[in-house]
Amino acid sequence: MKKILASIALLGAVTLVAAGCAGNAGGGGGGGEGDVLTVGFAQTGSESGWRAANTESMKEAFSEENGFNLIFNAADNKQEAQIAAVRSFINQGVDAIVIAPITVDGWDDVLKEAKDAGIPVVLEDRTVNVDDDSLYASWVGLDFEKEGETAGAWAKETFTEPTNMVVLEGTTGSAPALDRATGFATGSEGAPITTLDSQTGDFTRDGGKKVMEGFLQKYGDSINLLFAHNDDMGLGALDAITAAGLTPGTDIQIVTIDAVRDGMQALADGQFNFIVECNPLLGEKVAEVVKKVVAGETVEKTTIVEDQSFTPEQAKEALPDRKY
Ligand code: AHR
């Protein structure tokens, strides 16, 4: 029998979202019919609208009614805190661990500890770089490189004259920041676009605003194009652009990724020019994979959830039914 509730006091910031019957199958290699599965979920934090939608989707899917006892931790975008949360889940002897890894590197040791404790790990949203892929059972995520490539292809089609671009990057070392940058370069290859500057805004509105203020001070109205790795940073940049006396969407065209409601509204209003979707509604698929993994069934190593993209007209059409 694994250690269950004895270690809960150690948890600190961890919140018990749905306390199921932890004394029975919850912590002891559950998976049989009727068992409650205790699952620790190490979320990145709450940096963006996308993250809020993803957290909601996960909590909904890992509900008590669906047979889960979810232990939720949000690490405030700090990898040490996220690794500590995973260790705490291991100490509690959960049935499975789900991680949305903040960065791609630095996971080998703790994933090995989970493996040694016999606790399967499923990655959601972002993935990791590890020496041994068997350290996690499955990854349910998005094709970030393709998202960047779609954004880059739009820029190539839109800008046929010499163009100056600035980039608001996501969290340094995260899969979406790395892959979207690579994808954008591929999609825009051959376009007359010069990158004046590229800095991280950490996927937050505040970060996007501050970094864009710096870009505007340095490059003024020579900026024609902003590529923001997510909607929130683009939304933060809107304030900076307006405060500088420029019109977003016209003086500076803006392409972002996510397609959360606020971003879609900015697109419909003509402040953004193009958005590539990143679908946050992964909970149901992740819960299905977790159940199978705990039951010892074979699962796909990688499941990629499809994304689409939006022009202002398409955003106007999609907004009334947008779920997030
Ligand atoms: O990993 C997905 C990214 O993380 C989203 O694009 C961003 O908004 C979030 O913070």
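Predicted model: local features only at pLDDT ≥ 70, side-chain atom pairs only at ≥ 80, totals over all residues.
Residues are numbered from 1 along each chain as its sequence is written, and side-chain values use heavy atoms, with hydrogens and water left out.

The secondary structure of the protein amounts to 10 helices and 13 strands, where helices (H or I, at least four residues) and strands (E, at least two) are DSSP runs numbered from the N terminus. Of the 324 residues, 55% are classed as buried; buried denotes under 20% relative accessible area, exposed over 50%, and partly exposed the range in between (1.4 Å probe, protein chains only). The accessible surface of the protein is about 13,500 Å², and 47% of this surface belongs to carbon and sulfur atoms. Among contacts (heavy atoms within 4.5 Å) with a separation of 6 or more, 76% are made by residues 24 or more positions apart.

The ligand is surrounded by Glu-47, Ser-48, Trp-50, Arg-51, Asp-125, Arg-126, Phe-144, Pro-176, Arg-180, Phe-203, Asn-230 and Asp-258, each with a heavy atom within 4 Å of the ligand. Polar contacts are pairs of N or O atoms within 3.5 Å; within protein, one atom must be able to donate a hydrogen and the other to accept it, and residues adjacent in sequence count only if both atoms are side-chain atoms. An N or O atom in the side chain of Glu-47 is 2.5 Å from an oxygen atom of the ligand. For Arg-180, a polar side-chain atom lies 2.9 Å from a ligand oxygen atom, and a polar side-chain atom of Asn-230 is likewise placed 2.9 Å from an oxygen atom of the ligand. Of the 280 Å² of accessible area that the ligand has on its own, the protein covers 100%. Helix H1 and helix H5 (175-187) are the elements that give two or more residues to the shell around the ligand.

Arg-51, one of the residues surrounding the ligand, belongs to helix H1 (residues 49-61). Its relative accessible area is 2%, and Arg-51 is therefore buried. The side chains of Arg-51 and Gln-43 are joined by a polar contact of 3.0 Å. Leaving aside residues up to four places away in sequence, Arg-51 touches several others, including Ala-100, Glu-124, Asp-125 and Arg-126.

Glu-277 is located in strand S11 (residues 274-277) and counts as buried because its relative accessibility is 5%. A polar contact of 2.9 Å links the side chains of Glu-277 and Tyr-324. With residues up to four places away in sequence excluded, the residues touched by Glu-277 include Asp-258 and Arg-322.

Val-255 lies in strand S10 (residues 253-258) and is buried, with 0% relative accessibility. Among the residues that Val-255 touches, beyond those up to four places away in sequence, are Trp-154, Phe-184, Phe-227 and Phe-274. The C-alpha atoms of Val-255 and Gly-234 are 8.0 Å apart, at a sequence separation of 21 residues. Val-294, in helix H9 (residues 283-294), also counts as buried, at 18% relative accessibility. Val-294 and Ala-96 are 198 residues apart in sequence, with 7.1 Å between their C-alpha atoms.

Conventions: Areas by Shrake-Rupley, 256 points an atom, 1.4 Å probe, with all protein chains shown as cover.
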